[in-house]
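Here are my notes on the model. Please read them alongside the coordinates.

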Amino acid sequence: MAKVTRQVIKIDEELCNGCGLCVPSCAEGAIQIIDGKAKLVQDRYCDGLGACLGECPQGALSFEERDTEEYDESAVEEHLKKIGRAPQPHAAPKPHAHHGGGGCPSAKMFDFRAKDEVAKPAGESVQIESELRQWPVKLNLVNPGAPYFQDADLLVAADCTAFAYGSLHPDFLRGKALVIGCPKFDDIDAYVAKLHAIVTQNNIKSVTVLHMEVPCCFGIVAAAKQAVEASGKSIPVIVRTVSLQGEITEPKGMAAMF
């Protein structure tokens, strides 16, 4: 099989304690516990989306980009049968290199940026359009090597902000790549690792962090700040806070900037 350059999971065996939490999170069965350590069974079973990243309490999982086999959906189906796991229903088609994809349709990558180039008819009724330019958007699912991150302004939004702030799409999302998460329920270290990968692997022009005013939501701010600082890059990080009444608490132009 031809080799391609793409993202695959890297497992630090010194950090891994064999807890096995990463195994069920990999829908393709690419990770197994062998001799007390998590192992990537075959590169062609790994879809490169990183759904397993947030499951490791030891921080032993990360992405690496290297020359390897392409993701092989047919091989994954056969592998899952052999280990007694049912293949995911409605599996996404085999992806091209660098473009993500895999067995779970909710994680299949889509790039919607081309819709920005479509002219809108004159006199069209006024309605709020979606400004979403890609899929997936969950921080635990996005591929840091996805093309929509290159040369992008990045919006890092807490899950609840989209429901609390009604004008999020035109005011914050327009023209930006998006990642979302909930720092209360997810692993912040995994967030830092994924954001760091996005920042280091791409020319990110700016980072806007949108979070709720509740204390637990400040974790996503800390994750973004740590990721940018660890990258060593000079990237402006703008922080905006949404109140529980759906208002931006800082006056326009007065957002906190790191």
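1. K81 is exposed at 56% relative accessibility (exposed means over 50%, buried under 20%, partly exposed in between; 1.4 Å probe, protein chains only). E78 is partly exposed at 43%. Their side chains form a salt bridge, 3.9 Å from N to O (a Lys or Arg side-chain nitrogen within 4 Å of an Asp or Glu carboxyl oxygen). Both residues sit in helix α2 (residues 73-82), three residues apart, about one turn of the helix (helices are DSSP runs of H or I, at least four residues; strands are E, at least two; numbering is from the N terminus).

2. This is a predicted model: local features need pLDDT of at least 70, side-chain atom pairs need 80 or more, and totals for chains, interfaces and linings use all residues. Residues are numbered from 1 along each chain as its sequence is written, and side-chain values use heavy atoms, without hydrogens or water.

3. The salt-bridge count is seven. D43 pairs with R66, the closest N and O atoms being 2.6 Å apart. D43 is in the loop between β3 (37-40) and β4 (61-69) and R66 is in strand β4, so the bridge ties together parts 23 residues apart in sequence. D43 is buried at 16%; R66 is partly exposed at 26%.

4. E131 and R174 also form a salt bridge, at 3.1 Å from N to O. The loop between β5 (110-111) and β6 (134-135) holds E131, and the loop between α4 (168-173) and β8 (176-181) holds R174, so parts 43 residues apart in sequence are tied together. E131 is buried, at 13% relative accessible area. Elsewhere, shared partners join D43, E64 and R66 into one salt-bridge network.
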